[in-house]
Amino acid sequence: MEEIFDAKKNEYNSDDLSILTWIINNNIKTEKGEIIDFKDRLFLLDILTDWSQEIVIKKCAQIGGSVTFNIKALFATLKLGWNTIYTFPTDSDVNEFVNTKTNMIIRNNPVFGEMSSDNVQRKTLGDRTLFFKGTVSKTAAIMTTADLLIHDEASRSDQLVLDTMKSRVKASKFKGRWLFSNPTTDKDAIDIAWNKSDKKEWHIVCGGCKTEQVMTFPESIKVNKHDISRTRYTCKVCDAMITDDMRRNGYWKALSPGKKISGYHISLFMAPWVTAKEIYDDSKAEQAYFYNFVLGEPYVPTDFEVSKRLILDNWTPKDLRTGKYFLGVDVGNIKHYVLGSEYGILKVGKFSKWSDLDELIKLYSPVMVIDAMPDNTMSKYYVENYRATYMSYFKENRDNPKLTVWWGTGDRRGIVYSNRNRVIDELIDVLLRAKILFGLDNHSEIYTYLKHWESLRKVKSKDRHGAETYEWESTNGQDHFVFATLYYYLAVLSSGSGSVFGESTQFQQKEVQLNDAKSVEDLSRVFCSANGMEYDEE
Ligand SMILES: [Zn+2]
């Protein structure tokens, strides 16, 4: 550590203004009361000491960025005499962050003695103030002028409010604007600013061939197929092992030098405490999560629609019955259902009377997931009266972005929550890997079933905070079988293990020749005949 601080001394020779000297001299502690230690986070040092007017940081999750910026904002208030506005997407994000991080930092460090930690939205020192504000907020807009705007989670914030706030720094000499966030999709706030920046990437040097390089996926990971635990980081050129020290002792280098905006890209490749195997494992998880939170990159979905091929490729003439049944029910005037085993789908169909569902339950005793919308009266009835029945709600889990599906406990028992767009991504991913097969015992609904999947589009939209996002939508509202399939998938997940979909290799898939088919009807005909079934005209 000593060397680093010494090296920095020449650049920041005024003790009063050097944030590093200040941190050392005052033994600045984190929110946990620990002395700040940058040993594993050398990449944060340049960011901490960068006083560029415009900074953008495109980052992965859990690298200590928010706390670093918080300390920097407190330093700017205390030592530089700046008024700073620090934003989060919502007021509740502000409350959570200030109470668990900022207030703890203030309490743990006597240097902030006079700064009050009582007021969540305002930290005042002398005539200087650090304001915290949600971009989606019930409190009055901040009318005061500021020297610096810091936008934490910029990509998930209300973009209009971020733009409006630019006027707050007009009167200031410094006019600072610092953005940092996990990216979401391309052309979001972070991506736009990043593309205008000097694009600093963390460069490392291979100890073997001495080649300077930026670590990327999948090139920088060497998977050991015989012993997965020995998966390691690798040099892109000579294949030598890249050690934790090599990753730790990298340096920032701009890919587009000379730009006004100072940009940094932080990925988990730079975190010495993250192993190659962990990154490899995450790469197999849901892709939006892997890009945004592991690689620190925007996720641009490539599968904008689900082709019939995706479904038909998973067709099998084999009997998928195992004696265990899982049922997904999409509720509307007409109810759509998908019934299957842990290996795949056996039956799809529609009904209008609830008594038909009772019949299905009597016949198969399935584990069931039923849509709780638009009206949960009946789904509640089934949850209360049948064993192994869950009602489904779509929801986002802000506390744990990794969670796509979670189960209600206590008085929420019998509820399954999932993140709508991400669980559809996951389902499609599972289909792409042929972990759900189709072995339908009748085909009267195949045409409609495929039509529903084909109506699905991934479209870019704005979430309720105005942030860029993407959403699965149906072009015609006819997507009931998609959701029935999704509920079937959740029912299988509920039975206990993610490994359920792991191995279905015992069922060989049958190749279906689709080249001559010009329409969904043709396709249905093709695969019916390929599997010795008669095709019903609808
Ligand atoms: Zn090398």
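Helices (H or I, at least four residues) and strands (E, at least two) are DSSP runs, numbered from the N terminus. The model considered here is predicted.

**Exercise 1.** State how many helices and strands there are in the chain, and what percentage of its residues is buried.

*Solution.* The chain holds 17 helices and 22 strands. Of its 538 residues, 40% are buried.

**Exercise 2.** Determine the mean pLDDT of the chain, and consider the stretch 1-15 and the stretch 497-520.

*Solution.* The mean pLDDT is 84, and 86% of the residues reach 70 or more. In residues 1-15 the pLDDT is below 50, and this stretch has 13 contacts in the model beyond near neighbours in sequence. In residues 497-520 the pLDDT is also below 50, with 44 contacts counted in that way.

**Exercise 3.** Describe the open sheet of 8 strands and explain which strands stand at its edges.

*Solution.* First, the strand order is 18-19-17-16-13-14-15-20, and the pairing is mixed. Next, strand 18 (405-407) and strand 20 (437-438) each have a single partner strand, so one side of each lacks a neighbour in the sheet; these are the edge strands.

**Exercise 4.** Examine how strand 14 pairs with strand 15, and which helix lies across them.

*Solution.* Strand 14 (residues 335-341) and strand 15 (residues 344-351) are antiparallel, joined over 7 bridges. Within this pair, G340 stands opposite I345 of strand 15. Helix 16 (residues 480-494) lies across several strands, including strand 14 and strand 15, and runs at about 145° to strand 13 (326-330).

Conventions: Residues are numbered from 1 along each chain as its sequence is written. This is a predicted model: local features need pLDDT of at least 70, side-chain atom pairs count only at pLDDT 80 or more; totals for chains, interfaces and linings use all residues. pLDDT is the predictor's confidence in each residue, from 0 to 100. Two residues are in contact if their C-beta atoms, placed from the backbone, lie within 7 Å. Two strands pair if DSSP finds at least two bridges between them. Axes are lines fitted to C-alpha atoms, for helices over the stretch in contact, and angles run from 0 to 180 degrees between N-to-C directions. A residue is buried if 20 or more other C-beta atoms lie within 10 Å of its own, exposed if 12 or fewer, and partly exposed in between; C-beta atoms are placed from the backbone.
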